[in-house]
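Take the sequence and the model side by side.

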Amino acid sequence: MRSRLAAVGAAALAAVLLAPPAVASAAGPGAAPGADAAPARLISAHPSPEEVGRALARIARESDGRVRLGVAGRSNEGRPLRVATVGHGPTRLLFVTQQHGDEPLGTPAAVRALWALGVPNTAWHRWVRSRVTLDIVVQANPDGAVRDQRYNHDPSASGDYAEPGVGYDINRFHNPLTPIADNPVPESRAILRWWHAHEPRIVVDYHMQGRYLQPDGRETTASMLWPTTTLADAAAVDAGRQLAVRNYDAMTHIARANVTRYPGGDYEGIARNAYGILGSASLLVELSNLPPDQVEFQIRSAFVSMIATVQGAADRTIWRIDPARADTIPARGPSLPDDATAAAPAA
Ligand SMILES: [Zn+2]
């Protein structure tokens, strides 16, 4: 029974995700059928916190409650840190979007993924939801989002990883070795507390980066990295590397993304490292900040990453991947020159 259901799942992944370029929509290099099935205007590419709230409420309603809404905490200005949950299976996953308020595209991708996993009710969807429970902290930095800024809003912020008069860099305050009560950043505290309450097997954190060229002259559309801190144990690092390979394969072959390794640091306050130290398979995904006509392509890339991660967790194929394959993900190339950014093709 299990293998038959797994086969059903594998076939359905193709049905949900595989969109040959020949049938691509006019909106971009190809929107997944699962995404196409969602209402065209679920949410904008740069949504306000209110728009996120309205889109999630609509999905909760249209899914007949299969997508459940909650809050992980409050921002410094009192905005809800929204968490949407779909599925009721034993394997728990946590995705986080928009910790940096000016890096929005993971948020519309998350809204689309929640719709695609929660609203349709086929055998495949019921199977996935029986295997995994996915929580998404959607727009983890609403105060930064309304200001289109990296930091949270805290004019009293001081010390390392703070911008005086502006706020803190939320993605430097996940250090699991710091007592949560001593952590000055409410958004980071909320995510850490959520982790401890649910101990997700997988954590994926969605960001955006600048623009870069690959060695072959194509433009990088996304980069990714697993935990690199020496404080994470080898099993957790290997699990993060397996997750990276799963995402690399899906984003490359299904979304047609040009993916590299992200040259990130070892600091344990970075979510990618922190949740690896705590034992999760942890991954950072960075979407490049491509021109406006590539925004739909980038949202779809993140959507494909999310669905492929959920599918691979549900059928457990992620854990059969050789983690050494992560070493074959190419290094990120040089920054695109500023004067070329207007004209350079994305792919
Ligand atoms: Zn970022």
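Aspartate 64 is found in the loop between α3 (49-62) and β1 (67-74). Helices (H or I, at least four residues) and strands (E, at least two) are DSSP runs, numbered from the N terminus. The phi of aspartate 64 is near 55°, a positive value in a residue other than glycine. Aspartate 64 is exposed, at a relative accessible area of 66%. Here buried means under 20% relative accessible area, exposed over 50%, and partly exposed in between, with a 1.4 Å probe and protein chains only.

Arginine 316 also calls for a look at its backbone: phi is positive, about 65°, although this residue is not a glycine. Its place is in the segment after α10. Arginine 316 is partly exposed, with a relative accessible area of 37%.

This is a predicted model, in which local features need pLDDT of at least 70, side-chain atom pairs count only at pLDDT 80 or more, and totals for chains, interfaces and linings use all residues. Residues are numbered from 1 along each chain as its sequence is written, and side-chain values use heavy atoms, leaving out hydrogens and water.

pLDDT is the predictor's confidence in each residue, from 0 to 100. The chain has a mean pLDDT of 89, and 86% of its residues reach 70 or more. Over residues 1-11 the pLDDT is below 50, and this stretch has eight contacts beyond near neighbours in sequence. Contact means heavy atoms within 4.5 Å. Residues 342-347 stay under 50 too, with eleven contacts beyond four places in sequence.

Now turn to strand β4. This strand spans residues 132-137 and is mostly covered: six of its six residues are buried. Val132, Leu134 and Ile136 point one way, and Thr133, Asp135 and Val137 the other.

Which strands does β4 pair with? Two strands pair if DSSP finds at least two bridges between them. Strand β2 (residues 80-86) runs antiparallel to β4, joined by four bridges. Within that pairing, alanine 84 has isoleucine 136 as its bridge partner. Strand β3 (residues 91-97) pairs with β4 in the parallel sense, over six bridges.

Last, a helix crossing. The axes of α5 (residues 123-131) and α10 (residues 295-314) come within 9 Å and cross at roughly 70°. These axes are lines fitted to C-alpha atoms over the stretch in contact, and angles run from 0 to 180 degrees between N-to-C directions. Trp124, Trp127, Val128 and Arg131 of α5 meet Val310, Gln311 and Ala314 of α10.
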